[in-house]
Amino acid sequence: MRHRGNFWHFHAIHHSQRDLNQFTDLRLHFVDLLVAYTVLTIPMFALQIAPASILAIGFLMAAYARFVHSNVRATLGPFGYIFVSPQFHRIHHSIEARHQDRNFGNIFSFWDRFFGTLHGATDEYPETGVAGIDYSTTGLFGGMARQLIDPFARLMNGSSASTDRAPREDRLPAD
């Protein structure tokens with residue numbers, strides 16, 4: 001959902017980071033954050049999971065997100081078949097078209113094997129970011145203002161090809 005259609009404009013803020021680091025997971029548009037946490041917590045409340053358990057799960061997920069967004073070449077060895085590593089997740093943030101729509105897993109890597117979205121090469125260390133989006137040249141407050149406004153502006157003007165994540169035949173999993 002975060003990588004398709006109009007919602008991509010908000011999630012692209014997170015993917016626009018050119019230098020991944022342990023704080024990249026905090027670079028989210030408020031609309032992206034609101035929708036993501038709603039989608040995560042409503043099922044937990046529906047299953048009557050205790051609020052303290054939901055907070056604990058949230059804390060653990062946030063800590064793991066800091067790890068997988070860190071700028072290290074860690075693959076986790078054989079544990080990488082189960083868990084997402086920083087190297088695995090870097091492919092997900094790659095600016096290269098051949099890596100887009102790959103390695104969606106946040107904690108478990110086996111989901112990408114199951115759904116056919118795995119890019120398993122662990123020796124690649126691609127550049128990250130989104131083609132056509134660069135907030136690094138606008139200063140601290142100018143960059144923050146642009147990140148807040150740009151998704152709404154792109155929605156009003158229609159998406160540009162450089163930021164549209166519509167599926168392409170060469171990126172779709174085989175049937």
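**Exercise 1. Count the aromatic pairs and classify two of them.**

Solution. The protein has 10 aromatic pairs, where rings of Phe, Tyr and Trp (its six-membered ring) pair if their centres lie within 6.5 Å, and planes under 30 degrees apart count as stacked, over 60 as edge-to-face and the rest as tilted. The model is predicted: local features need pLDDT of at least 70, side-chain atom pairs count only at pLDDT 80 or more, and totals for chains, interfaces and linings use all residues. Residues are numbered from 1 along each chain as its sequence is written, and side-chain values use heavy atoms, with hydrogens and water left out.

Step 1. Take F7 and F10: the ring centres are 6.3 Å apart and the planes stand at 40°, so this pair is tilted. Both residues are buried, a class that means under 20% relative accessible area, with exposed over 50% and partly exposed in between (1.4 Å probe, protein chains only).

Step 2. Take Y64 and F67: with 5.7 Å centre to centre and 55° between the planes, this aromatic pair is tilted. Y64 and F67 are separated by about one helical turn because they are 3 residues apart in helix 3 (residues 51-68). Helices (H or I, at least four residues) and strands (E, at least two) are DSSP runs, numbered from the N terminus. F67 has 32% relative accessibility and therefore counts as partly exposed.

**Exercise 2. Which arginines place their charge over the ring of Y125?**

Solution. The criterion is NZ of Lys or CZ of Arg within 6 Å of the ring centre and within 35 degrees of the ring normal.

Step 1. R73 has its charged end over the ring of Y125, 4.0 Å from the centre.

Step 2. R90 also lies over the face of Y125, at 3.8 Å from the ring centre.

**Exercise 3. Describe the overall content of the chain.**

Solution. 

Step 1. The protein chain has 6 helices and 0 strands, giving the order α-α-α-α-α-α from the N terminus.

Step 2. Of the 175 residues, 35% are buried. The accessible surface is about 10,100 Å², with 66% of it belonging to carbon and sulfur atoms; areas come from the Shrake-Rupley method with a 1.4 Å probe, and for residues only the protein chains shown count as cover.

Step 3. Contact means heavy atoms within 4.5 Å. Among contacts between residues at least 6 apart in sequence, 63% join residues at least 24 apart.

Step 4. The mean pLDDT (the predictor's confidence in each residue, from 0 to 100) is 87, and 88% of the residues reach 70 or more. Over residues 166-175 pLDDT stays under 50, and the model has 15 contacts beyond four places in sequence for that segment.

**Exercise 4. Is helix 1 enclosed or open?**

Solution. 

Step 1. Count the buried residues: 8 of the 8 residues of helix 1 (residues 8-15) are buried, so the helix is largely enclosed by the rest of the structure.

Step 2. Name them: W8, H9, F10, H11, A12, I13, H14 and H15.

Step 3. Q147 belongs to helix 6 (residues 140-157) and is buried, with a relative accessible area of 14%.

**Exercise 5. Where is G80, and what does G80 touch?**

Solution. 

Step 1. G80 is in the loop between helix 3 and helix 4, and is buried with a relative accessible area of 16%.

Step 2. Beyond four places in sequence, G80 is in contact with T75, S109 and R113.
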